[in-house]
Amino acid sequence: MGKLCCFPKFRLARIMGWLQIVLGGLVIIVSISSLIRFYSAGFFSPYEDMCRKFSGLKDDYDDGFDIKALSDRVSEVLNRMESLQEKLELKVKQMERNKADLFRNNITRFEYKKYLEEEVIGPLYKAHIALRQIRLPKVDGIGNSTMKEEPLINTFVIEEIRKYITPKENKLGKINIYGSERIHNTIGHACVLFKKELEEYMDYDIGSYCKDDWNLAQRLMVNGCDPLPRRRCLARASKIYQKPYQINESLWRLPDDRNVRWSNYQCRNFECLSSKNPKRGYSKCVGCFEMEKEKLKWMTNSSLPVDFLIYDILAIKPGEIRIGLDFGIGTGTFAARMREHNVTIVSTALNLGAPFNEMIALRGLIPLHMTLNQRLPFFDNTMDLIHTTGFMDGWIDLLLMDFILFDWDRVLRPGGLLWIDRFFCTRKDLDDYMYMFLQFRYKKHKWVVGPKSKDEVYLSAVLEKPPRAI
C-alpha cells in the first residue's frame, strides 16, 4: 500500500528562500539567452564594426528587416518576465500575511508540483519560446539570395503564421523546378494592419477541424489581407451534405438546403433569400436566387437599349468564344446560359450576406472566390471574353479601376471581347469613366448610354481587343 507523502511543515524563511532562488534562476537564464542573441547579432562589437554590420557599404539591412517588429517582440518577452516576477512577489507577500495558515496546513508534493508547473514553469516557457522566435538579420543572406531576413517574421506571435511565412528551403540545397532555392509563401501586405484578426484566423489545432470562420477569412480578404495563408486544419462542411443534382437539372433549380452551412447567414434556406423577404441579409443582386426570374436574363428582349442578348454577342465572333470570366456579383446565371452555348465561364463571387459561392458550385459551375484587390490568376492573353455587371460601378476609385482594367486587358487575348453590362455612374462622372474604357483603343461593336435615374446613367458596351505589334 502506497502512503501519501506530504512535506513537513515549512518555515516561512525556507519557502521564501526557494522562491527567491527560482526567480533568480529565471532572471539569469533569460539574461544569458538575451546576451547570447544580441552578441551573435554584433551588438557588443566595437562601434565601427557594429556600424559596418548594420549600415555598411553593402547596406546589409536595407531590405526585409523590420526593426519595429523586433522591438515589439523583445518588449513582449520583457512584459511576460515582468508579469511573472510580479506574480511571484505577490505570492510571497500573501504567504507573509498568512503565516498562521502556512504553518497549520501541510503542502503536498502534488500541490507544490502543480504550483511550479502552472505559475512558474508555464510562464517561463512562454517567455523562452517568444525569445527564441525572435529572428535577427542574417548578415550573409540566405544561400545565394540577397534577402537578409524573412519579411514580417517578427510581426506575428502565432507560431503557425511564422511557420507559414518562413521561406522553405529545398532539400539538399538543390534548385527546384521554378529555378529558385526556396519557396516563399505569400500573404497580403495589409495582413500587418489586421494582425489580431489574422492571428485569430490562424489559431487552431493542426489536423483538427477549422473553426466555422469563412466570414472572418473573407473580411480579411476584402480589407487587403489577400492572399491569406494556407491552414493545416480540416474545412467544415454540412453534416448532412447530399449528392448534388445532375447537370441537366442543377442549372435551373435551387440546390438542396442541406448542402450549405447557414450559421453565418441571416437566412437558413434558399427560399428565405427571396427578394420578397426584407430580412434576407443581402442587398446586391436582389432576386438572383429566384430561378424563374434568372431564366429571363440575357435571353429576352428588354425595353432598355442597354440590355444586350447573348445570341447577339456570340454572333460577333461565331465559334471563337470558348472560355471567359464573369466579374461581378451573382449566382452564376451568366455562366449557366453560356454553358448552354458550349462556353466555359468562371464566375467571381463573394458571399456578401448570402451563399453565392455555394450556389454557383451547386449549379455545376465554377466559382472564383476573390476580391477587387487581387490580380487575376490567369496567364496573359488567354481569355476569349470578360463580362462585368453589378459590381464595379460608379463608386469605384478611378485609379483602382485603372489597375483593374489593365489587368483585364492583360488576360484578354487579341480579338477577345470585353462586355460592359449596365455599368452605372452619375452623369457628371460619365466622361471620366468613358475615358477609362476608351483608353485601350478597343474596337467598338456596341456602345449605348441610357438613363437610369435623374442623376445617373447606364453604360453598356462590347469592345474588341486589337492585336498589338511588338
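Me: Why does glutamate 358 count as partly exposed?

Reply: A residue is called buried under 20% relative accessible area, exposed over 50%, and partly exposed in between, using a 1.4 Å probe and protein chains only. Glutamate 358 counts as partly exposed because its relative accessibility is 21%. Please keep in mind that this is a predicted model, in which local features need pLDDT of at least 70 and side-chain atom pairs 80 or more, while totals for chains, interfaces and linings use all residues. Residues are numbered from 1 along each chain as its sequence is written, and side-chain values use heavy atoms, without hydrogens and water.

Me: What is the volume of the second largest pocket, and which residues are the closest to its centre?

Reply: A pocket is an open set of points on a 1 Å grid where a 1.4 Å probe fits, with protein on both sides within 12 Å along at least five of seven lines, and its lining residues have an atom within 4 Å of a point. A volume is the space filled by probe spheres set on the points. For the second largest pocket this volume is about 670 Å³. Its lining is made of 27 residues, and those closest to the centre are Trp214, Ala235, Arg236, Arg261 and our Glu358. Two elements give two or more residues to this lining, namely helix H8 (214–222) and helix H13 (356–362), and the largest share, four residues, comes from H8.

Me: How much space lies in the largest pocket, and which element gives the most to its lining?

Reply: The largest pocket holds about 850 Å³ of space. It is lined by 35 residues, of which Lys297, Trp298, Thr389, Asp421 and Arg422 are the closest to its centre. Among the elements that give two or more residues to this lining are helix H12 (333–339), strand S3 (323–328) and strand S4 (344–349), while S7 gives the most, with three residues.

Me: Which order do the strands of the open sheet have, and which of them are the edge strands?

Reply: Two strands pair if DSSP finds at least two bridges between them. The open sheet here has seven strands in the order S5-S4-S3-S6-S7-S9-S8, and the pairing is mixed. Its edge strands are S5 (366–369) and S8 (443–451), each of which pairs on one side only.

Me: Is strand S6 mostly covered or uncovered, and how many bridges join S3 to S6?

Reply: Strand S6, which covers residues 383–389, is mostly covered, since six of its seven residues are buried. S3 and S6 run parallel and are joined by five bridges; phenylalanine 327, for instance, has threonine 388 in S6 as its bridge partner, and glycine 328 stands opposite threonine 389 in S6. S6 also pairs with S7 in the parallel sense, over six bridges, and there leucine 385 has leucine 417 in S7 as its bridge partner.
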